[in-house]
Amino acid sequence: MAAGDEELTLLGVVGSPFLHRVQIALKLKGIEYKYVEDDLNNKSDLLLKHNPVYKMIPVLIHNEKPISESLVIVEYIDDTWKHNPILPSDPYQRALARFWAKFIDDKCVAPAWKSAFIVDEKEKEKAVEELFEALGFLENELKGKFFGGDEIGFVDIAGVFIPIVQEIAGLQLFSSEKFPRLYKWSQDFHNHPLVNEVLPPKDQLFAYFKARAQSLAAKRKN
């Protein structure tokens, strides 16, 4: 399904889980768009123009109107194209989905990143503890095949970061013994045909994370 006469452009960097959140949402809706690859080490004028506040990808430009921040973009997509809903229709369930998506960003993303890429063993150990605590909450919240029930929903899309980190870093963030529901979810989600179409090969994911880790390490030294 095309966006008709509408102009839809997505700025991103291949390998970024935040970009892939948006791509999964667009794929779920069957919306066609123009993709523009950026370079976070040499940010384009287009990115700086359309996201002058954070200067980060992803940015969705819809009829010359930019929207930033991956989960905000996913909600915008869901509000703009009503078919194949991503968020629940019930107000309470929508609020819960937003809560758990924010929980993933607040409590899972940073410790997952540190668990995979921080060299200092004490910091890594602390990050793993924080991550396991957060994953315990998600384990208890997961009631069906996906957080969205039988189909991929908002929380599943938000959680794409976790199986990606597990995949590229070779970490056992959740095993079938420690977090059986999350383990099955990660397998089902990662192997879903729609997600498979979006996620790039492992080497491209690894290249993105390696570049980001090197960039952050360089900033710490400065």
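Reader: What should I know about the model before reading any value from it?

Author: This is a predicted model, in which local features need pLDDT of at least 70 and side-chain atom pairs count only at pLDDT 80 or more, while totals for chains, interfaces and linings use all residues. Residues are numbered from 1 along each chain as its sequence is written, and side-chain values use heavy atoms, with hydrogens and water left out.

Reader: Into which domains is the chain divided?

Author: Domain bounds come from an automatic or database domain assignment. Here the chain is divided into domain 1 (6-78) and domain 2 (89-195), and the centres of domain 1 and domain 2, taken over C-alpha atoms, are separated by 22 Å. Where contact means heavy atoms within 4.5 Å, the contact takes 11 residues from domain 1 and 15 residues from domain 2.

Reader: How many residues does the largest nonpolar core have, and which of them have the most contacts inside it?

Author: A nonpolar core is a set of buried Ala, Val, Leu, Ile, Met, Phe, Trp, Tyr and Cys residues joined through side-chain atoms within 4.5 Å. For burial, the scale is relative accessible area: under 20% is buried, over 50% is exposed, and what lies in between is partly exposed, with a 1.4 Å probe and protein chains only. In this model the largest nonpolar core has 65 residues, and Leu135 and Leu138 are those with the most contacts inside it. Helix α4 (residues 91-117) gives the most to this core, with 10 residues; helices (H or I, at least four residues) and strands (E, at least two) are DSSP runs, numbered from the N terminus. The core draws at least three residues from each of domain 1 (6-78) and domain 2 (89-195).

Reader: Which residues are in contact with Leu135, leaving aside its neighbours within four places in sequence?

Author: With those neighbours set aside, Leu135 is in contact with Ile162, Leu173, Phe174, Phe179 and Leu182.

Reader: At what angle do the axes of helix α1 and helix α3 cross?

Author: Axes are lines fitted to C-alpha atoms, for helices over the stretch in contact, and angles run from 0 to 180 degrees between N-to-C directions. Angles under 35 degrees count as roughly parallel, over 145 as roughly antiparallel, 65 to 115 as roughly perpendicular and the rest as oblique. The axes of helix α1 (residues 17-29) and helix α3 (residues 70-80) come within 9 Å and cross at roughly 10°, which makes α1 roughly parallel to α3. In this pairing, Phe18, Arg21, Val22, Ala25, Leu26 and Lys29 of α1 meet Ser70, Leu71, Ile73, Val74, Ile77 and Asp78 of α3. By class, the residues of this contact divide into eight nonpolar, one polar and three charged, where Ala, Val, Leu, Ile, Met, Phe, Trp, Tyr, Cys and Pro count as nonpolar, Asp, Glu, Lys and Arg as charged, and the others, Gly among them, as polar.

Reader: Which residues are joined by a cis peptide bond, and what is phi of Lys55?

Author: The cis peptide bond joins Ile57 and Pro58, with omega about 0°, and Pro58 has its place in the loop between α2 (45-50) and β3 (59-62). Lys55 is also placed in the loop between α2 and β3; its phi is near 55°, a positive value in a residue other than glycine, and Lys55 is partly exposed, with a relative accessible area of 37%. Glu64, found in the loop between β3 and β4 (65-68), has a positive phi of about 70° although it is not a glycine, and Glu64 is exposed at 64% relative accessible area.

Reader: Is Ser16 buried or exposed?

Author: Ser16 is buried, with a relative accessible area of 0%, and is found in the loop between β1 (8-12) and α1. Not counting residues up to four places away in sequence, Ser16 touches Ile57 and Tyr208, and this Ile57 is the residue joined to Pro58 by the cis peptide bond.

Reader: Where is Glu75 placed, and which residues does it touch?

Author: Glu75 is in helix α3 and is buried, with a relative accessible area of 17%. Apart from residues up to four places away in sequence, Glu75 touches Leu87, Arg98 and Phe154. Val72 also lies in helix α3, but at 48% relative accessibility Val72 counts as partly exposed.
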